[in-house]
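The following report describes selected features of one protein model. Please read it alongside the sequence and the structure.

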Amino acid sequence: MAGIRKQKSISKIFAGYIILFCVITAVLVGFYSIMFIMFINSGLILPANYYERSIETQREAISKADKVSDVMPSGCSYAVYDAKGKLMETNVSDDKATDMMNRIKNNKTIDGKKLYKYIERKDGICIVQYRLNAEFANETLRRYLPNCEVMYNYSFIVVFIIEIFIISRLFRKRLNKEMDILKQTTAKVAMENLDFNVQYSGITEINDVISALDKMKEELSDSLKKQWKIEEARKSQISALAHDIKTPLTIIKGNSELLNELDLTEAQKEFNDSILKESGNIEFYIKLLIDINKSQQSQSIVKESINSYEFINDIIKQGEFLCLNKNVKFASDVKEVSETFNGDISCVKRAVMNVLSNAVQYTPKRGRILFSVYNDDKYMHFIIEDSGRGFSKEELTMATEEFYQGDKSRNSRDHYGMGLYIAQTFVNKHGGIINLSNSEYLGGARVELTILK
């Protein structure tokens, strides 16, 4: 595979991090051991057998001393008994001293890391309790941290956990870096952006997936190019056919209109009127077909500076005319808008009029329609509200889909789905969006067209 840099399998990369983890752990163990030995040698830490050696060193002095406290090593507990078993001297409670005596009698000289030793005296015995663990030489540290080895183990565990966290983050960072290449490739393919050179990662398994995506990209690109050519040819044929139909249709309408000027019988006039009516329907369908075809074409819009007030007034006049024919009350609410905005006047007008025509169609007689306009720093907002049936939940999400037709509008020759699909296409070409909702003011549908100024 061309362009692939040196690569490894995930198992090898993982094994490398495991080896690194083991090496660092071994170094930490060595470091802690060396530091512990250095602290003992420097006297900062007392070795585990420190008290035992101190007691043995002072054994003779303890056996002869009148006052044992003067010769007893610091940190040891003791109890001195006479030959009759009477407690003579101690640095612990009486109960503790009794317990120490009982342990010696029962030969229980070990209690965890506490050990018991007795030293014979000329007039009795001295029982000594001491600890068999490393401790800090400093008395204050020894008071709050009596077991130096436990602290050593805890600190090592903390460092060990931090090591695991760091190594795992490094491994995750490495994988994420390689996975980003795969994510970028899949994102481009998903967006049908197929004109790019595939980049490969340093991991074999990821490269296998990227290689498969590369092949899929090439095949998809070829397929889409063929599809686009077929689609463009289809649109051209539909457009040419629609325009060709208009010519004989114009002749049929013209002849029918001429026939109306003749002295026809009642039946002949009825038939001729039917021809004119259906010719009008055919014209409507042809116009709709041309609009759909044009909205689907990838032609660029031609933006120009549009006079806001002239454009809005033109929409209002056409809206009033449409409402007049159906006895619907038309109202407008134009906020203070900027003098001009940029756009393709033909596309914007057709988008607004498509929505307005739909509103008139679905508003009952003596109903109401409100046309509102305002703008902000970036967008022009055109809002059409009506007092019709409004949008159903399904229509709120599906009404802008091509050829969508809700159940309540299937018997109509036009419906929200087609008109809004065309409007949305033109609005999208202007960097805008269409928002569908139901009007709180009039109770029917509410459509807001947002156009980038």
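Val158 is located in helix H6; helices here are DSSP runs (H or I, at least four residues) and strands are DSSP runs (E, at least two), numbered from the N terminus. This is a predicted model, in which local features need pLDDT of at least 70, side-chain atom pairs count only at pLDDT 80 or more, and totals for chains, interfaces and linings use all residues. Residues are numbered from 1 along each chain as its sequence is written, and side-chain values use heavy atoms, without hydrogens and water.

Val158 is partly exposed, with a relative accessible area of 47%; buried means under 20%, exposed over 50%, and partly exposed in between (1.4 Å probe, protein chains only). Together with Ile162, Phe165, Ile166 and Leu170, Val158 forms a nonpolar surface patch with about 460 Å² of accessible area.

An open, antiparallel sheet contains 5 strands in the order S3-S2-S6-S5-S4. Strands S3 (87-90) and S4 (110-111) stand at the edges with a single partner strand each, so one side of each has no neighbour in the sheet.

Strands S2 (residues 77-82) and S6 (residues 124-131) pair over 6 bridges; pairing requires at least two DSSP bridges. Tyr81 has Ile125 in S6 as its bridge partner.

Terms used
Patch = residues over 30% accessible without salt bridge, like charges linked within 9 Å, V, L, I, M, F, W, Y side chains within 5 Å. Areas by Shrake-Rupley, 256 points an atom, 1.4 Å probe, with all protein chains shown as cover. Salt bridge = Lys/Arg side-chain N within 4 Å of Asp/Glu carboxyl O.
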